[in-house]
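Q: I am new to this structure and would like to learn how to read it. Could you walk me through it, one feature at a time?

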Amino acid sequence: MTDDVLSRVAKLPFFAGLTPGQLRLLCEAGRPASYQAGERVFAEGDLADRFWLIEAGSAALDLRVPGRGDQVIETLAGGSVLGWSWLYPPYRWQFGAAARERLDTIAFDAAAVRNRCDADPAFGYAILRLFMPVITERLQATRLRLLDLYATSAQVGQP
Amino acid sequence: MSTSTAPAVTGSALPRPYRVVSRRVDTGDTVTLELAHDAEPLPAFAPGQFAMLTAYGIGEVPISVSGLPEPGDSRARRLAHTLRAVGAVTRALHATAPGAVIGVRGPFGTSWNVASAAGQDVVIVAGGIGLAPVRPVLQAVLAERSRYGDVVLLVGARTPADLLYPDELRRWGATAGVQVGVTVDRPSDGWTGHVGVVPALIPGARFDPARSVAFVCGPEVMMRFTARALLACGLPATRLRVSLERNMRCGVGWCGHCQLGPLLLCRDGPVVDYARAEPLINVREL
């Protein structure tokens, strides 16, 4: 199983910064997981016990708004990682996620990866160095959208 | 300032009358006007150049050309301008009915120089109404498809209802060798496309950064972040072009209203290599 996961993960650039040994260590905690269009991957408030490397398809991060249903916050496509709430306590999803179309992923056991990070700080540092840019880029993207750049001044309430 | 030589006058200071021959409503606040000359036509516009459009009695605004006539089209020298009603002049132009006459000066400014991308992949990234000035780039590339490599068009909009040219986006997306990615900031019910900022689409696009030319148009902040994403892919800044906007007035570099450091954007822009633009747009005082 690990060799299959390893070859699939190695096809995508996200974990390319890991050494071969670190990649194998990571992939020992991974397994393929697929979702059908519309299928929920995780729900807000649930235990963040996994994270996913998207191989193909796309997923939508969403938030349940009373009276408005699941509001899509952002979509993630192939090559992206889905989920970082597994990195820090209380290990609960802050948003939900659902497959927009058939979604092929490698799902990683979060506790197993955290244990490896604790046992091998070099591995843990390498993992954090891969996830920090993702977190930063999505924060920046969110800030850009807060600016409402495409709105007219009237739409953003300016004279 | 690069004012050592007298600025070339590429367009009359006097608006020429053009008749609105069609008015297509693109979104709730945006229309595309097709204009035909009543008298002597202006010189041909190149993709990226702009005209000063006059709503008589109200004022004048710079609007980029948003369409090119098909080769051999009898409507050659007709102009297409997509404009959004945001101020007094654009509201008046937006409301102009077919048959009415508006004033046109131009062509002004630099072009996208589409031909320089021959033999390379073409990456077009547009945000909001920024799709209008790059539409002629795609039209020019598709008119001579065999001269170019892979074509990527990435478009961002505020909402699905704000997307310009939805029919053309579908048609372009169905064209062999053309990848179209569309994303919105605020999805509506039933929207099945991407949600997020347009630079986020870049990593998923298939093109060879080492042999590509990129054309980027949209709000300046969007262009900065898009440029960073393209540069991070390995695209050289010298093959990344952006369309900058300042307060264009005269159109020929006389009045200085559109100055950006050493550039007078009505003459030295609006299309500028990012290698030249980046140090200027990062200066707060400019």
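A: Gladly! We begin with contacts: two residues are in contact if their C-beta atoms, placed from the backbone, lie within 7 Å. Keep in mind that this is a predicted model. In chain B, take the contacts between residues at least 6 apart in sequence: 70% of them join residues at least 24 apart.

Q: What radius of gyration does chain B have, and what would a compact globule have?

A: Here the idea is to set the chain beside a simple rule. A compact globule with 286 residues would have a radius of gyration near 19 Å, and the 18 Å of chain B agrees with that. Along the principal axes, the C-alpha atoms of chain B fill a box of roughly 50 × 45 × 35 Å. As for burial, 49% of the 286 residues of chain B count as buried.

Q: How many helices and strands does chain B have?

A: Chain B has 6 helices and 15 strands. Let us follow a few of the strands. Strand β1 (residues 16-27) of chain B pairs with strand β2 (residues 30-37) of chain B in the antiparallel sense, over 8 bridges. These two strands, β1(B) and β2(B), form a hairpin with 2 residues between them. To find the pairing by eye, look for B:Val25, which stands opposite B:Val31 in β2(B).

Q: Which strand do 6 bridges join to β2(B)?

A: That is strand β5 (residues 79-84) of chain B, and β2(B) and β5(B) run antiparallel. One pair to look for is B:Glu34 with its bridge partner in β5(B), B:Ala80.

Q: Is B:Arg19 buried or partly exposed?

A: A residue is buried if 20 or more other C-beta atoms lie within 10 Å of its own. B:Arg19 is partly exposed, because it has 15 other C-beta atoms within 10 Å. Its place is in strand β1 of chain B. Leaving aside neighbours within four places in sequence, B:Arg19 is in contact with B:Leu35, B:Ala36, B:Asp38, B:Gly99 and B:Val101. The C-alpha atoms of B:Arg19 and B:Thr96 are separated by 10 Å, with the two residues 77 apart along the chain.

Q: How should I read a helix such as α2 (residues 131-143) of chain B?

A: An α-helix has 3.6 residues a turn, so residues three or four places apart point the same way. In this case, the 13 residues of α2(B) reach 18 Å from the first C-alpha to the last, close to the 18 Å expected at 1.5 Å a residue. Because 10 of the 13 residues are buried, α2(B) is largely enclosed by the rest of the structure. Among the buried residues are B:Leu131, B:Val134, B:Arg135, B:Leu138 and B:Val141.

Q: Is A:Leu26 in chain A buried or exposed?

A: A:Leu26 is buried, because 26 other C-beta atoms lie within 10 Å. You will find A:Leu26 in helix α2 (residues 20-27) of chain A. Beyond its neighbours within four places in sequence, A:Leu26 is in contact with A:Phe15, A:Leu18, A:Phe108 and A:Val113. A:Ala110 lies 84 residues away along the chain, yet its C-alpha atom and that of A:Leu26 are separated by 10 Å.

Q: How many residues of chain A are in contact with chain B?

A: 17 residues of chain A are in contact with 21 residues of chain B. On the chain A side, the elements that give two or more residues are β5 (69-76) and α4 (121-147). By class, that side has 10 nonpolar, 4 polar and 3 charged residues.

Conventions
Residues numbered from 1 in each chain as written. Chains lettered and ligands numbered in written order. Predicted model: local features only at pLDDT ≥ 70, side-chain atom pairs only at ≥ 80, totals over all residues. Helix = DSSP H or I, 4+ residues; strand = E, 2+ residues; numbered from the N terminus. Buried ≥ 20, exposed ≤ 12 C-beta atoms within 10 Å, placed from the backbone. Rg over C-alpha atoms; globule rule 2.2 N^0.38 Å. Nonpolar A, V, L, I, M, F, W, Y, C, P; charged D, E, K, R; others polar. Pairing = 2+ DSSP bridges. Expected span 1.5 Å × (residues − 1).
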